[in-house]
Amino acid sequence: MAETRQRIDKWLFFARVVKSRSLAAKLAQAGRVRINGEKTDKASDLVQGGDTLTITLDRRILVYRIVAPGSRRGPAEEARTLYEDLSPPPASEKALPDALPAVRDIGSGRPTKKERRQTDRLRDDT
């Protein structure tokens, strides 16, 4: 049974959730990983097939069900076989997809070098 269980930092690294094992350990120690709904603060916690991981990254939340432990950090296709993605769809942005960039009237932006010189001359004359 010990062969089917794996450290959480190794599994996160093998599943390509993070770029290095040390980042995976930091992620677990920061309490940003939940195993079956319970927070973990140790990189040495063990996971096995059937466990559900909730991982909080910068702007997204990943929910993975572990299918198998990893044996190496292989290509992305191999990494995707280690889990089943249960993540909610990303929240849609409120921005309009066909929105045009803001239009500025000519001359309403920052002054050009020529205009700054003219302004300086006016101030020096007074």
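Modeller: A salt bridge here is a side-chain nitrogen of Lys or Arg within 4 Å of a carboxyl oxygen of Asp or Glu. This is a predicted model, where local features need pLDDT of at least 70, side-chain atom pairs count only at pLDDT 80 or more, and totals for chains, interfaces and linings use all residues. Residues are numbered from 1 along each chain as its sequence is written, and side-chain values use heavy atoms, with hydrogens and water left out.

Colleague: How many salt bridges does that rule give?

Modeller: The count is six. Take R65 and E84: their closest N and O atoms lie 3.6 Å apart. The pair links distant parts of the chain, with R65 in strand β6 and E84 in strand β7 (residues 83–85), 19 residues apart. Helices (H or I, at least four residues) and strands (E, at least two) are DSSP runs, numbered from the N terminus.

Colleague: Which residues do shared partners join into one network?

Modeller: R7, D9 and R21. In the D9–R21 salt bridge, the closest N and O atoms are 3.3 Å apart. That pair also links distant parts of the chain: D9 sits in helix α1 (residues 8–14) and R21 in helix α2 (residues 21–29), twelve residues apart. D9 is buried at 4% relative accessible area, whereas R21 is partly exposed at 36%.

Colleague: Now strands. Which strands does β5 pair with?

Modeller: Two strands pair if DSSP finds at least two bridges between them. Strand β2 (residues 33–35) pairs with β5 in the antiparallel sense over three bridges. There, I35 stands opposite L53. Strand β6 (residues 61–66) also pairs with β5 in the antiparallel sense, over five bridges. A hairpin of four residues joins β5 to β6, and T56 stands opposite I61.

Colleague: Which residues make up the covered face of β5?

Modeller: L53 and I55. The uncovered face has T52, T54 and T56.

Colleague: Last one. Which residues gather in the patch of positive charge?

Modeller: Patch residues have over 30% relative accessible area and no salt bridge, and like charges are joined within 9 Å. Lys and Arg count as positive; His and the chain ends are not counted. Each charge is placed at NZ of Lys or CZ of Arg. Here R110, K113, R116, R117 and R121 gather on the surface. R116 lies in helix α4 (residues 113–125) and is partly exposed at 41%.

Definitions and conventions: Patches are made of residues with over 30% relative accessible area and no salt bridge: like charges are joined within 9 Å, nonpolar side chains (Val, Leu, Ile, Met, Phe, Trp, Tyr) within 5 Å. Accessible areas come from the Shrake-Rupley method with a 1.4 Å probe; for residues, only the protein chains shown count as cover. Buried means under 20% relative accessible area, exposed over 50%, partly exposed in between (1.4 Å probe, protein chains only).
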